[in-house]
Each structure stands twice: as structure tokens, then as C-alpha cells.
Amino acid sequence: MYKLDLNKKGNQINSVDDWYKAAPPQNPSLHWKDGRSAKELAKYMISGNGYIPAEIENILVQLGCNPNIIFYGEPEAVTSLEGRGGGRHHDLLLVQENEVVVGVEAKSDEDFGEVVHKELFGNNDYNELLDSVSDNKLKRVNGLYNDIYWFDFYKNLDLRYQLLTATGGILKEAQKANTSKAILLVLTLKKKGCYSEKKVEANLQDLKNYVASLGTPSKDGHYNLPGYPDIDFYVKHIEIDV
């Protein structure tokens with residue numbers, strides 16, 4: 001079993017209350033509720049009693065991660081991205097030094113944010129608004145696309161922007177921790193009566209579209225993306241009834 005130390009800025013997290021005090025979501029009145037992903041993620045991770053929960057452990061075992069090195073977990077971790085503005089907010093960042101970084105994206109049935117086209121241009125036509133988009137926003141989006149695809153953002157504009165920033169943030173953290181593996185882990189946490197199956201299915205389709213955009217994976221399922229060729233990048237999804 002993989003040991004887990006949950007901590008936020010020196011504050012040890014041993015309970016759901018500890019989690020909320022140390023790392024509340026950006027909009028607590030909306031997101032910190034039973035059945036919503038922020039609170040359900042806290043309950044799920046705390047349920048491991050100092051260890052990685054079994055469903056995540058299974059993935060780590062499959063990828064050959066060292067069971068003798070502790071994981072450090074930080075809720076609401078922020079990774080700086082290219083350009084000015086806020087960084088990538090990870091619902092939870094799990095770091096096993098020199099081994100693997102796992103960026104957890106937790107969902108009940110919340111979506112992955114806007115598609116890239118709408119993030120940049122709203123509901124307006126791309127050709128009409130290219131000149132009006134800030135250089136800073138273009139710099140950030142182009143940086144993500146070049147790291148992931150090795151081209152500017154003029155293709156794949158219907159992908160969910162949140163999945164791109166998640167990937168960029170996880171890879172930066174993996175490079176910082178000197179790991180050879182990085183995982184984008186989408187956790188769908190389903191509490192009876194608190195989610196829409198239709199929305200869950202839409203999320204999974206968005207995730208499938210994103211994975212398809214990455215091309216053909218290796219035999220064990222990883223990708224070596226252009227900006228981080230020495231890091232094996234995986235996308236995993238777990239659905240859990242809570």
C-alpha cells in the first residue's frame with residue numbers, strides 16, 4: 001500500500017474538516033456540499049486513513065510505481081502557467097518524488113469548463129476576433145498547444161480548455177519533482193441523487209475526445225508529449241459510487 005501525507009502549507013490534513021480549513025474550494029457555498037466533487041474528493045481521500053485509496057492504488061501498481069516511497073498530497077495546489085494570470089488549480093496534486101506525479105481532477109457531473117474556442121472568443125467568430133484576443137491569453141494557449149501537440153492552437157478548438165491546463169500543470173509538476181511518469185486522473189464521484197447521468201456521459205465523451213487528440217499511445221498506454229518527451233504521460237479515469 002502507498003502511504004499518503006496530506007498537507008497544505010504546513011497544515012496537516014487528517015479529516016474532512018481539516019481539508020476544508022486548509023484548502024477550501026474557490027466557491028465554498030457552491031462546491032462544498034455532499035454530492036459535489038470538492039467535498040466528495042475530500043471524503044474519498046480521507047477514507048484511506050493515511051494511504052492511497054484502493055482504486056488509485058490499482059493504477060499505481062499497474063504502472064510499476066514504487067510502494068516504498070510516500071506520496072505527498074496537496075489539495076487546491078496551483079501551478080504557474082505561461083503568461084500572466086492565475087495558474088492551474090489542481091483539485092489534488094499527489095507527488096511521489098523521482099517516481100510519479102498524479103493530478104486529480106474530481107467531478108460529480110460538473111463539466112470541464114469551456115471549449116478552447118469559447119475560452120478565447122466567447123460566442124463570436126474566430127476570424128473576426130483573433131486580433132482582439134489579448135497577447136497574454138494567446139501566449140498561454142499557444143504554450144499549452146505547443147507542449148502538447150507541437151503546433152499553435154488553430155486546430156482542435158473544440159477541446160475542453162480545462163483538460164489542456166490540467167495536462168500542462170501536471171507535466172510542469174512532474175518535471176519539478178524529477179519524475180518519469182505523470183498521470184491526469186479524472187475521478188467521477190457519484191453520490192445517489194446528486195448527479196445527472198447525462199452530464200456524466202457528456203464529460204466522458206469530452207475526455208475521450210481529448211485523449212483521441214493526443215494520438216496513438218505506446219503499448220502500456222502512455223504518451224510522450226512534445227514539450228516533455230522524457231516524461232511518460234497517462235490519462236486515467238475512475239468512476240466511484242460514494
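This is a predicted model: local features need pLDDT of at least 70, side-chain atom pairs count only at pLDDT 80 or more; totals for chains, interfaces and linings use all residues.
1. Residues are numbered from 1 along each chain as its sequence is written, and side-chain values use heavy atoms, without hydrogens and water.

2. Salt bridges (a side-chain nitrogen of Lys or Arg within 4 Å of a carboxyl oxygen of Asp or Glu) come to 12. Aspartate 34 pairs with lysine 39, closest N and O atoms 3.2 Å apart, and also with lysine 43 at 3.3 Å, N to O. Lysine 43 is partly exposed at 29% relative accessible area (buried is under 20%, exposed over 50%, partly exposed in between, with a 1.4 Å probe and protein chains only). Shared partners join Asp34, Lys39, Glu40 and Lys43 into one network. Aspartate 34 is partly exposed too, at 44%.

3. Now look at glutamate 105 and lysine 107: their side chains form a salt bridge at 3.1 Å, N to O, and both residues are buried.

4. Glutamate 105 turns up again at the largest pocket, among the lining residues nearest its centre, along with Gln26, His89, Asp91 and Gln162. By class, the lining has 10 nonpolar, 10 polar and 10 charged residues (Ala, Val, Leu, Ile, Met, Phe, Trp, Tyr, Cys and Pro are nonpolar, Asp, Glu, Lys and Arg charged, the others, Gly among them, polar). A pocket here is an open set of points on a 1 Å grid over the protein atoms alone, where a 1.4 Å probe fits, with protein on both sides within 12 Å along at least five of seven lines; lining residues have an atom within 4 Å of a point.
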